[in-house]
Amino acid sequence: MKELIAKAEQTHTLLRGELIALLEDDGNLDAISAAADRVRHKFVGDEVHLRALIEFSNFCKNNCCYCGLRRDNKKLTRYRLNENMIFNLAEYAVKQMGLKTIVLQSGEDMFFDCDKMCAIIRKIKTLDTALTLSIGEKTAEEYQAYKQAGCDRFLLRIETTDKALYERYDPGMSWERRRQCLEDIRSAGIEVGSGCLVGLPGQTIESLADDILFFKQIDADMIGIGPLIVHPDTPLKGAKNGKFELALKVMALTRLLLPDINIPATTAMETLAPDGQVRALQAGANVIMPNVTLTEYRQYYELYPGKSSTNYSADKTLADVRAKITSVGRCIADDKGFRKRVFYCR
Ligand code: SAH
Ligand code: SF4
């Protein structure tokens, strides 16, 4: 195992069988995390990039079996913010909080058609900020229009590379189409963010290895990995949560194989383990996305229950994040945090 970890640290490649062996072995998490931490330091440095997350609508036309925003969850109070409200939050995050990226996330809400989204993007881009969207599957033309309006990055997790599993848990959606969306985002000239859920019932270790190889194959610029957290008002009610340690290991292996990308310490990690984000920062992560949505709406953006910092104000959330970063001897970046490609033998 030691040799495999050394190989990953030096060459940033592993064969599928090698990844599977590392994922299956229970005793090597600390060694993999330490190697990922060294690679993170060498390739992207000690700076942590902060991205202000605005959850602007929880309406969704999809029915993903794991997600609290799924359309069949009738218990959820739905909300959508208007253009001015979204802009005011973005302005506060940039001007008062000093954040350099705005992330707009929502369910797949058809109210925000292409023209409305582009108007919002253009308005936010009058601020000195990078802009990321995380609003689901769109057409190639729509991604191009977002780019023209000023969108810099897009987050669309593949969720799992196991097609059958994906189509079981995302009814009515097609894995191939989701993969095509990632290609269309890239072709539009937008930075590509993807990632996976760890702990879907029926998910195999082999498919997690495939997920990591997929991230490398698509040359992702950002990868977000989170454990599944079971939501009681979804068909996964009663299933087990994903394992924090396994999600952390998938994240650390992703850092070893994709050394120069951006990797967030995700909120789902913090929700499952009280020190989850700090442990992620020490196992390859270099991004945190503090939530700046107003508290009155946050409670309704319930992808999963117990979401960390749901009751905190934006200022308190940011103060907590800053404290976590400095507690592990890291600093906050003052640039916009685009991926800086480092050329190494791939
Ligand atoms: N609707 C958009 C963006 C919002 S969902 C989209 O689906 O791309 C953002 C992410 O939340 C999803 O990609 C999924 O990986 C994650 N998520 C949803 N339900 C979850 C759960 N129960 N536990 C952990 N993560 C979840
Ligand atoms: Fe909608 Fe995204 Fe949740 Fe799926 S994961 S139901 S697309 S918000």
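The second largest pocket holds about 230 Å³ of space. A pocket here is an open set of points on a 1 Å grid over the protein atoms alone, with protein on both sides within 12 Å along at least five of seven lines, and lining residues have an atom within 4 Å of a point. Its volume is the space filled by probe spheres set on the points, which are joined across faces, edges and corners. Among the residues lining this pocket are Val198, Gly199, Leu200, Lys240, Asn241 and Lys243. By class, the lining has five nonpolar, five polar and two charged residues. In this scheme Ala, Val, Leu, Ile, Met, Phe, Trp, Tyr, Cys and Pro are nonpolar, Asp, Glu, Lys and Arg are charged, and the others, Gly among them, are polar.

Before going on, a word about the model: it is predicted, and local features need pLDDT of at least 70, side-chain atom pairs count only at pLDDT 80 or more, while totals for chains, interfaces and linings use all residues. Residues are numbered from 1 along each chain as its sequence is written, chains are lettered from A and ligands numbered from 1 in the order in which they are written, and side-chain values use heavy atoms, leaving out hydrogens and water.

The whole structure has one cavity of 30 Å³ or more, where a cavity is a set of points at which a 1.4 Å probe fits but cannot get out. Its lining includes Phe56, Ser106, Gly107 and Lys138. Gly107 is also one of the residues surrounding ligand 2, along with Cys60, Asn62, Cys64, Cys67, Leu69 and Arg70; a residue is near a molecule if one of its heavy atoms lies within 4 Å of it.

The largest nonpolar core has 111 residues, of which Ile102, Leu104, Ile124, Leu133 and Tyr146 touch the most other members. Such a core is a set of buried Ala, Val, Leu, Ile, Met, Phe, Trp, Tyr and Cys residues joined through side-chain atoms within 4.5 Å; buried means under 20% relative accessible area, exposed over 50%, and partly exposed in between (1.4 Å probe, protein chains only).

Glu159 has a positive phi near 70° and is buried, at 11% relative accessible area. Asp219 also has a positive phi, near 55°, but counts as partly exposed because its relative accessibility is 23%. Most residues other than glycine have a negative phi.
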